[in-house]
Amino acid sequence: MSNVTIATRVAAKVSETVRTEGEAFLFLEARLLGTGQQRAWLNEMVHPEVVYRVSSRQLRSSKDKRYSQPDEVFHFDDDYAALDKRVAQTESGLQWRSDPPETLLYIVSNTEVFEDERPGDLRVYSNVLMIRDRRVYESDQFHYRREDVLRRGEDGALRLRSRGVVYGQRFVQGKNLLFFF
Amino acid sequence: MSKFGNLVDVRNGTQSKRVFYDRDIYELELERIFARCWLFLTHDSAIPNHGDFITTKMGEDDVIVARQKDGSIKAFINSCRHRGAQVCPSEAGNTRGFVCSYHGWSYGVDGKLENVPFEKELYRCKLDKSINGLIEARVESYCGFVYGCFDKDAPSLSDYLGEMKWYLDVWMDATGGVELVGPPSRSVLDCNWKTPTENFAGDAYHVGWTHAAGLKVLPGPLSMLAGNAVLPPQGAGIQVATRHGHGVGILFDAGPALLSDVIQEMFAWHARKKPLIEKKLGAARARFYGSHFNSSIFPNNSYLWGTNTFKMWAPRGPGQIEAFTWAIVEKDMPAHLKEGIARTMHRTFGTAGMFEADDSDNMESMTHLNRGFVTRTGTLNSQMGLGGDRIDPELPGVVGDSAIGETSYRGFYRFYQEILNAKTWADVHSNNARWFEPLIGEAPPDVANAAAA
């Protein structure tokens, strides 16, 4: 999955109403995930056929054409059932690391909304800066670009059909990526 | 005894808390452990072709590991012989050579200094290129796992692994061979390098409690351990300590219990291959094949067999590490099973791992609470099962008979103290006939009070 927008592929603009709707979707997500409402996020905002991927790319010379080993490692390669288990872990009452509760602040920006290939789907790009504060002294920062596909259900609501993040910071300084992107 | 006094009381199974914090001890570790022991580099599967290379760390030394034309592997320090700039900024690739970005000195894949810009005009034949190749480390492999060592006096890799080979052969060799699925994930943890290594070597005790939440929500044969609801019964496993500090704990039959989506397929795979293992290694080790291993190769290389994660904890000062994580797959597994193992392993023990993230608070606080002056005058306790370890007629190493205990901790720190205090490897091996004695037999009468000592 490419993080580079190819103009011809995403030339289909949407109305201002739809653009605003796409952005509002991201802001609602950010607020639910940032206020401990992962279950509501999963129930209401994630499509049952979701493909949810976060990866890191190994750093290689752009001139290298001969090395054939895989260059991507997946931190998340999840379907709905796998996301459900992750949410269940936070609800178990046994996840010691999240007690006392953490504070997650998602700042979402650079939102771009386009029509995707399948009619009715939206392709949405955004940048995120997330700060996770926990325990007395710990404050970790995460920054990433997202490429999402939102699909409209029969009830008219948008849901997350796919999310792709290639995490740019090769040596992950935030210690773990155990949060929803 | 080192200049720090006795850091480890082997007989009593305790260690000084300073080993997790003290900068001077860490500097001695770099000199006496990381510059003298075999350190994990890579696997054959990452660098199959001539000119393939990866870069990684040996201790804090940045190294390039490259496949040579004759099929051998060389490792060199990733620092130009001119003014020391980094020669290769990539993590991996295939190349004809390495060119330093500073003055353009260029080295072959064999590390030789091949070209120096304007050499004739500027150096006027006064530069001897033949003695200015990249500095090499020794490189040896075991079953495709490649290790490096800076000490010409260190034993061979095979001798260094010692008794541990008997256990490694179950999965590294008798299976027909394994590969590491890369690239690795790479992340920081603010903990001393020994805190995850000792945990992987010998800590079955923490599984039910630290990982309670993950066990509760991920269905599988180990879910019953969630929240310490159940203790594995007597005879559920063993723990092992070895001559050079390596350790392994085996939980019988548990195998892929943590790999959710692929559990059933893996149990079926193991069942089909077990007769082959039995034919090669006998019934006991055939059972190990389907069991779960937690293990560390001294000093900083760990793995879980069954969960199929492979780790290297690269030290960055006494209070921080870089965690490298790969997936282990058997060479003859179908592609979809290899992908499934990589996917579900990273889901549990990767950077967003549902289990991995449980451990960090423990390891970080074990390390950094020692900023407290009074705190760091205390001792660490690894006395579980003290006095019960023994030599077994069939199982190499020192053996603890239960699935849960601290046998491997005591073996790890016995060697830690030995290598830290030894001026040479010959000093280490002067103890060969008796190395295990302080680990076995009756516990000393004052063990109950040792924690207060």
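**Exercise 1. Helix H12 of chain B**

*Solution.* The structure is a predicted model, in which local features need pLDDT of at least 70, side-chain atom pairs count only at pLDDT 80 or more, and totals for chains, interfaces and linings use all residues. Residues are numbered from 1 along each chain as its sequence is written, while chains are lettered from A and ligands numbered from 1 in the order in which they are written.

Step 1. Helices (H or I, at least four residues) and strands (E, at least two) are DSSP runs, numbered from the N terminus.

Step 2. The next term is burial: a residue is buried if 20 or more other C-beta atoms, placed from the backbone, lie within 10 Å of its own, exposed if 12 or fewer, and partly exposed in between. Because 12 of the 15 residues of H12(B) are buried, the helix is largely enclosed by the rest of the structure. Among them are B:Tyr409, B:Arg410, B:Phe412, B:Arg414 and B:Ile419.

**Exercise 2. The domains of chain B**

State which residues form the domains of chain B, and describe the side of domain 1 that touches domain 2.

*Solution.* Step 1. The assignment (bounds from an automatic or database domain assignment) gives domain 1 as 8-35 + 162-450 and domain 2 as 39-142. Their C-alpha centres lie 33 Å apart.

Step 1. With contact defined as C-beta atoms, placed from the backbone, within 7 Å, 12 residues of domain 1 of chain B touch 11 residues of domain 2 of chain B.

Step 2. On the domain 1 side, helix H1 (23-34), strand S13 (178-189) and strand S18 (309-315) of chain B give two or more residues. S13(B) gives the most, with four residues.

Step 3. For residue classes, Ala, Val, Leu, Ile, Met, Phe, Trp, Tyr, Cys and Pro count as nonpolar, Asp, Glu, Lys and Arg as charged, and the others, Gly among them, as polar. The domain 1 side divides into eight nonpolar, two polar and two charged residues.

**Exercise 3. Chain A and its contact with chain B**

Describe the architecture of chain A, then the residues that chain A brings to the contact with chain B.

*Solution.* Step 1. Chain A has three helices and six strands, in the order α-α-β-β-α-β-β-β-β from the N terminus.

Step 1. The radius of gyration, taken over C-alpha atoms, is compared with the globule rule of 2.2 Å times the number of residues to the power 0.38. The value for chain A is 17 Å, close to the 16 Å that the rule gives for 181 residues, so the chain is as compact as a globular protein of that length. Of these 181 residues, 29% count as buried.

Step 2. The contact takes 34 residues from chain A and 36 residues from chain B. Strand S1 (46-57), strand S2 (72-78) and helix H3 (80-91) of chain A each supply at least two residues of the chain A side. That side has 14 nonpolar, 10 polar and 10 charged residues.

**Exercise 4. Helix packing in chain A**

At what angle do helix H1 (residues 16-34) and helix H2 (residues 38-45) of chain A pack, and which residues meet?

*Solution.* Step 1. Axes are lines fitted to C-alpha atoms, for helices over the stretch in contact, and angles run from 0 to 180 degrees between N-to-C directions. The angle is about 145°, with the axes of H1(A) and H2(A) 7 Å apart.

Step 1. A:Glu29, A:Leu32 and A:Leu33 of H1(A) meet A:Gln38, A:Ala40, A:Trp41 and A:Met45 of H2(A). These residues divide into five nonpolar, one polar and one charged.

**Exercise 5. Backbone features**

Locate the cis peptide bonds at A:Pro100 and B:Pro299, and determine whether A:Asn110 and B:Asn308 are buried or exposed.

*Solution.* Step 1. A cis bond with omega about -5° joins A:Asp99 and A:Pro100; A:Pro100 is in the loop between H3 and strand S3 (103-115) of chain A. The bond from B:Phe298 to B:Pro299 is cis with omega near 5°, and B:Pro299 is in the loop between strand S16 (292-297) and strand S17 (301-305) of chain B.

Step 1. A:Asn110, in strand S3 of chain A, has a positive phi of about 55° although it is not a glycine. A:Asn110 is exposed, with 10 other C-beta atoms within 10 Å.

Step 2. B:Asn308, in the loop between S17 and S18 of chain B, has a positive phi near 60°. B:Asn308 is buried, with 29 other C-beta atoms within 10 Å.

Definitions and conventions. Two residues are in contact if their C-beta atoms, placed from the backbone, lie within 7 Å.
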